[in-house]
Amino acid sequence: MQNEVVSREEWLEARRALLAKEKEATRLRDSVNAARLALPWVKVDKDYVFETPEGRKSLADLFDGRSQLLIYHFMLGPDWDAGCTGCSFLSDHVDGALPHLNHHDVTWVAVSRAPLDKIAAYKRRMGWKFPWVSSFGSDFNFDYHVSFSPEDLAKDKVFYNFTPMQPADANDELPGLSAFYRNDKGEIFHTYSSYARGPEELIGTLMILDRAPKGRNEDSTMNFVRRHDEYEEAAKAPSCCH
């Protein structure tokens, strides 16, 4: 299917109308960003322990000497054979940003409930460098509403994306992004979390595709995405997120 073909003058008129909407969206994004920065914080009093390649670490240790911590809740459960396709797609965009984040007082860490050896194997397969730790045996994923036990999924509702949802629409693992701040006294605060399509703007490929003639060219959200080493067998690798 091809769009309407018009004269250059007509195209400029339509493009200027779209530009007005793009500017409106930019101003709205700026407003949302300001509101996000103004959110109240919640003090984290619970002790969480993570398994890392350097040994057991606390949540405070994950900051790695910086005051800000972004945790990506990566969908890789204890009995999963591979990481979520959608989470892998997002994570393909992280390594290049790490030097910029680290030098702007921000540490990025992925957290999954899978044991550390399974995380390490998948990380090697994907060729990633960002820090990735295991919360296996910890309440962390459950407290931040990205993991659900069989008992949770047997209930009438589960809590995800700040909303009760049908267990049939959930999974044992779901994606998300959480932000934390550590002050000079060592106190830690939960400042923000985002779930479902919330972290989508972190996926630069989608932002590029939005400018291409066919856009994302998808039948459902990210149904075209494969792990980056599986595109030759695309039909055999549907996204586990959707």
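With 5 residues, α1 gives the most to the lining of the largest pocket. The model is predicted, local features need pLDDT of at least 70, side-chain atom pairs count only at pLDDT 80 or more, and totals for chains, interfaces and linings use all residues. Residues are numbered from 1 along each chain as its sequence is written, and side-chain values use heavy atoms, with hydrogens and water left out.

The volume of the largest pocket is about 960 Å³. A pocket is an open set of points on a 1 Å grid over the protein atoms alone where a 1.4 Å probe fits, with protein on both sides within 12 Å along at least five of seven lines; lining residues have an atom within 4 Å of a point. The lining comprises 29 residues, and R36, L70, L177, Y192 and L202 lie nearest the centre of the pocket. At least two lining residues come from each of α1 (8-37), β4 (68-73), β5 (106-112), β9 (176-182) and β10 (188-195). By type, 19 residues of the lining are nonpolar, 7 polar and 3 charged.

R113 is placed in the loop between β5 and α5 (116-126). R113 counts as buried because its relative accessibility is 15%, buried meaning under 20% relative accessible area with a 1.4 Å probe and protein chains only. The side chain of R113 makes a polar contact of 2.9 Å with that of E173 and one of 3.5 Å with that of S147 (a pair of N or O atoms within 3.5 Å, one able to donate a hydrogen and the other to accept it). Beyond its neighbours within four places in sequence, R113 is in contact (heavy atoms within 4.5 Å) with residues including L76, P78, F136 and F142.

Methods. Points joined across faces, edges and corners; volume = space filled by probe spheres on them. Helix = DSSP H or I, 4+ residues; strand = E, 2+ residues; numbered from the N terminus. Nonpolar A, V, L, I, M, F, W, Y, C, P; charged D, E, K, R; others polar. Buried < 20%, exposed > 50% of the residue type's maximum accessible area, 1.4 Å probe, protein only.
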